Amino acid sequence: MQVALREIGNCVIRRCDLSDLIPTMEINLKTLPEHYSDYFYESLLAELPEAFLVAEVEKRLVGYIMCKIEYGFSNFKKLGFVKKGHVVSVAVLPEHRRKGIGEGLVQEAIGGVKLKKSDELYLEVRCSNSEAVKLYEKLGFITKQRLKAYYRDGEDAYLMAIEFAY
Ligand code: ACO
Ligand code: ZN
């Protein structure tokens with residue numbers, strides 16, 4: 001049993017358990033065109049449980065966020081080599097949207113990557129995905145680049161990032 005990180009009405013945000021991976025994959029299949037192998041979910045959970053979180057309402061999962069840590073060039077500092085969190089995927093089931101769950105997941109994942117002393121957190125988002133772009137902007141992410149034909153269907157992505165101070 002994982003402790004609640006945050007409660008939003010009847011929704012609890014907590015770390016993911018191994019037994020949550022199948023329902024997490026089901027939410028991903030229903031909500032996003034980008035899918036991953038079982039092994040990929042397991043490895044993200046093993047590597048960064050601090051920022052692999054789920055949202056639960058009445059014992060059912062309704063959302064998730066999963067991240068990884070990378071080392072590479074900064075999205076903020078010229079020539080800087082930094083430790084970067086990467087939001088791989090976040091989603092909330094349609095019937096549970098606009099209740100603050102997505103925002104709570106991203107905020108708690110920021111807390112998780114900060115526990116690992118990441119300098120930054122970044123993600124890619126479809127340029128047409130204005131709900132998600134608005135969510136990230138609300139939390140302080142800045143659009144740093146437009147990645148041409150980033151997705152398999154040819155759509156561009158925005159690379160958005162946030163920098164942390166300790
Ligand atoms: N219209 C306008 N703004 C929106 C909308 C919308 N439909 N939805 C969210 N926002 C913005 C608003 O700024 C909102 O703040 P406000 O309520 O004060 O106006 C803020 O986001 C937070 O909203 P939440 O209620 O916390 O967001 P929600 O729980 O609905 O989840 C999410 C947002 C995760 C983007 C959801 O719409 C979703 O699952 N979409 C499909 C999957 C997806 O696109 N995931 C992101 C892909 S990119 C990636 O994974 C790195
Ligand atoms: Zn990515």
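The legends below describe close-up views of one predicted model. Residues are numbered from 1 along each chain as its sequence is written, with chains lettered from A and ligands numbered from 1 in the order in which they are written. Local features need pLDDT of at least 70 and side-chain atom pairs count only at pLDDT 80 or more, while totals for chains, interfaces and linings use all residues; side-chain values use heavy atoms, with hydrogens and water left out.

**View 1. Aromatic pairing around Tyr36 and Tyr41.** Rings of Phe, Tyr and Trp (its six-membered ring) are paired if their centres lie within 6.5 Å, and planes under 30 degrees apart count as stacked, over 60 as edge-to-face and the rest as tilted; by this rule there are five aromatic pairs. Among them, Tyr36 and Tyr41 form an edge-to-face pair, with 6.0 Å from centre to centre and 75° between the planes. Tyr36 is partly exposed at a relative accessible area of 25%, whereas Tyr41 is buried at 1% (buried means under 20% relative accessible area, exposed over 50% and partly exposed in between, with a 1.4 Å probe and protein chains only). Ring pairs also link Tyr36, Phe40 and Tyr41 into a cluster.

**View 2. Buried residues of helix α2.** Helix α2 spans residues 38-47, and its buried residues are Tyr41, Ser43, Leu44 and Leu45; helices (H or I, at least four residues) and strands (E, at least two) are DSSP runs, numbered from the N terminus. The elements that cover these buried residues include α1 (21-31), β4 (60-73) and β5 (81-92), where contact means heavy atoms within 4.5 Å.

View 3. Tyr71, Phe73 and Phe81 form a nonpolar patch on the surface, and together they have about 440 Å² of accessible area. Patches are made of residues with over 30% relative accessible area and no salt bridge, like charges being joined within 9 Å and nonpolar side chains (Val, Leu, Ile, Met, Phe, Trp, Tyr) within 5 Å; accessible areas come from the Shrake-Rupley method with a 1.4 Å probe, and for residues only the protein chains shown count as cover. Phe81 is placed in strand β5 and is exposed, with a relative accessible area of 60%.

**View 4. Charged ends over tyrosine rings.** The charged end of Lys84 sits over the ring of Tyr122, at 5.0 Å from its centre, and the charged end of Arg126 sits over the ring of Tyr151, at 4.2 Å from its centre. A charge sits over a ring if NZ of Lys or CZ of Arg is within 6 Å of the ring centre and within 35 degrees of the ring normal.

View 5. Another joins Glu163 to Lys77 at 2.8 Å, N to O; Glu163 lies in strand β8 (residues 157-163) and Lys77 in the loop between β4 and β5, so the pair ties together parts that are 86 residues apart in sequence. Glu163 is partly exposed at 36% relative accessibility, and Lys77 is partly exposed at 43%.

How values were computed: Salt bridge = Lys/Arg side-chain N within 4 Å of Asp/Glu carboxyl O.
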